[in-house]
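Here is a short walk through one protein model. Keep the sequence and the 3D view side by side as you read.

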Amino acid sequence: MHISFHAQQRIQQRGMTGSDIDLILTHGTETRDGYFLRDQDVKQAEAILRKQIEHIHRLAGKFIVVEGETVVTAYHPGMKKQKRILRN
C-alpha cells in the first residue's frame with residue numbers, strides 16, 4: 001500500500017512505524033474510511049498467535065527432507081542425526 005507524504009509525517013509524529021501500519025491493516029477492522037484496531041481485534045490476533053506458538057513448539061525437533069520443490073520425507077531425528085544435519 002502506498003503511504004502519502006502527509007501520512008508519513010503523521011505516522012512519525014505519532015511514534016508509529018511501518019510495521020505498526022502493517023499490523024493494523026492485517027488485524028484491524030475495515031471501516032468506510034480505513035482500518036480500526038479494536039481491543040476485540042487484538043484479542044483475536046493474540047489467540048491466533050498463541051495457537052501458532054503452541055503448534056511451533058510441537059514441531060520442535062522435526063525434520064523434513066526437501067529436493068527442489070518436493071518434500072521427500074519427514075521424521076524426528078535422534079541426537080546423532082541432528083548433529084549431522086546441522087553440520088551441513
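Rings of Phe, Tyr and Trp (its six-membered ring) pair if their centres lie within 6.5 Å; planes under 30 degrees apart count as stacked, over 60 as edge-to-face and the rest as tilted. A pair of aromatic rings is described by the distance of the centres and the angle of the planes. By this rule the count is 1 aromatic pair. The ring centres of F63 and Y75 are 5.5 Å apart and the planes stand at 75°, so the pair is edge-to-face. It links distant parts of the chain, with F63 in strand 3 and Y75 in strand 4, 12 residues apart.

Some ground rules come next. The model is predicted: local features need pLDDT of at least 70, side-chain atom pairs count only at pLDDT 80 or more, and totals for chains, interfaces and linings use all residues. Residues are numbered from 1 along each chain as its sequence is written, and side-chain values use heavy atoms, with hydrogens and water left out. Helices (H or I, at least four residues) and strands (E, at least two) are DSSP runs, numbered from the N terminus.

How exposed are the two rings? Buried means under 20% relative accessible area, exposed means over 50%, and partly exposed lies in between (1.4 Å probe, protein chains only). F63 is partly exposed, because its relative accessible area is 25%. Y75 is also partly exposed, at 29%. F63 has another residue to look at, I85 in helix 4. I85 and F63 are 22 residues apart in sequence, and their C-alpha atoms are 9.2 Å apart in space. I85 is partly exposed, with a relative accessible area of 21%.

Now turn to charge pairs. Side chains of opposite charge can pair when their charged atoms come close. A salt bridge is a side-chain nitrogen of Lys or Arg within 4 Å of a carboxyl oxygen of Asp or Glu. The count comes to 2 salt bridges. One joins the side chains of R38 and D41, at 2.9 Å from N to O. Which of these partners is buried? D41 is buried, since its relative accessible area is 3%. R38 is partly exposed, at 28%.

The side chains of R50 and E46 also meet in a salt bridge, at 3.0 Å from N to O. Both sit in helix 3 (residues 39–59). They are 4 residues apart, so about one helical turn separates them. R50 is partly exposed at 46% relative accessibility. E46 is partly exposed at 39%.

The surface patches follow. Patches are made of residues with over 30% relative accessible area and no salt bridge; like charges are joined within 9 Å, and nonpolar side chains (Val, Leu, Ile, Met, Phe, Trp, Tyr) within 5 Å. Accessible areas come from the Shrake-Rupley method with a 1.4 Å probe, and for residues only the protein chains shown count as cover. I64, V66 and V71 form a nonpolar surface patch, with about 260 Å² of accessible area together. V66 belongs to strand 3 (residues 63–67). V66 is partly exposed, with a relative accessible area of 46%.

K80 lies in helix 4 (residues 79–87). K80 is exposed, because its relative accessible area is 70%.

Finally, take two long spans. T26 lies in helix 2 (residues 18–27) and is exposed at 57%. E69 sits in the loop between strand 3 and strand 4 (70–75). E69 is exposed, with a relative accessible area of 84%. The C-alpha atoms of E69 and D39 are separated by 40 Å, and the two residues are 30 apart along the chain.
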